[in-house]
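Please look at the sequence and structure below before reading on.

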Amino acid sequence: METSTYLLILFVLFMVGRAVFADRSPIPETSGKVFKVTTAAEFDAVLASNTHVVVDFYADWCPPCRVIAPVFSELADSHAQAGRLAFAKVNVDHVNNVAGRYGVSAMPTFLFFEKGSPKGVAVQGIQPRQSVSLTDDGRVDRIRGADKAALQAVVKALL
């Protein structure tokens, strides 16, 4: 066989191995200020008891979710305010009815709620890009992916 064939076989084995042996252990939550939602009723209760809620829709098997998790926890530790600004995490594999309710199809996806309803956030200077979806009036509707700068900008705008 040619060298290129061996390289192709090694590449395929590497990719299959990564998929088979990917870390599927629960992503640890390091902040006591993040609500780990386990049911739709819990999610609705968090929305009802806070003016603004930043929600991280994630999956344990998702590498970008693991990367952004500490950033989300740090934002919660620094900025959560009881009744005013809350941070919640929804595991899409365990609470898929909530993820489906809001059309979440990529992980991580961050949605922003005001008074119980999804609502875009006015963030000065943010431009639309692959990870940032804007509403017609220029508000950040959602963030798809581990976009640390965009997530920090939205949280700052909510303060």
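In this predicted model, D56 stands opposite K89 in β3. That strand pairs with β2 in the parallel sense over seven bridges.

- Seven of the seven residues of β3 are buried, so the strand is largely enclosed by the rest of the structure.
- L85, F87, K89 and N91 point one way from β3, whereas A86, A88 and V90 point the other way.
- In a regular strand the side chains alternate between the two faces of the sheet.
- β3 also belongs to a right-handed β-α-β unit, together with β2 and α3.

**The helix α3**

- The 17 residues of α3 should span 24 Å at 1.5 Å a residue, and the distance of 25 Å between its end C-alpha atoms agrees with this.
- The helix bends by about 35° at A69, and the proline P70 follows within four residues.
- Its buried residues are C65, I68, A69, V71, F72, S73, L75 and A76.
- These buried residues pack against the strands β1, β2, β3 and β4, and against the helix α5.

**The residue L75**

- L75 is found in α3, which covers residues 63–79.
- Is L75 buried or exposed? With a relative accessible area of 9%, L75 is buried, because the cut-off for a buried residue is under 20%.
- L75 and F87 are 12 residues apart in sequence, and their C-alpha atoms are 8.5 Å apart in space.
- Leaving aside neighbours within four places in sequence, L75 is in contact with A80, F87, L151, Q152 and V155.

**The helix α5**

- In α5, the residues A150, L151, V154, V155 and L158 are buried.
- They cover an arc of only 130° around the axis, which puts them on the same side of α5.
- An α-helix has 3.6 residues a turn, so residues three or four places apart point the same way.
- The face of α5 turned away from its buried side carries the exposed residues A149 and K156.
- The buried residues of α5 pack against α3 and against the strands β2, β3, β4, β6 and β7.

Methods. Residues are numbered from 1 along each chain as its sequence is written. This is a predicted model: local features need pLDDT of at least 70, side-chain atom pairs count only at pLDDT 80 or more; totals for chains, interfaces and linings use all residues. Side-chain values use heavy atoms; hydrogens and water are left out. Helices (H or I, at least four residues) and strands (E, at least two) are DSSP runs, numbered from the N terminus. Buried means under 20% relative accessible area, exposed over 50%, partly exposed in between (1.4 Å probe, protein chains only). Contact means heavy atoms within 4.5 Å. The expected span of a helix is 1.5 Å times one less than its number of residues. The bend at a residue is the angle between axes fitted to the seven residues ending there and the seven starting there. The arc is that of the directions from the helix axis to the C-beta atoms. Two strands pair if DSSP finds at least two bridges between them. A crossover is right-handed if, with the strands pointing away from the viewer, the path from the first strand over the helix to the second runs clockwise.
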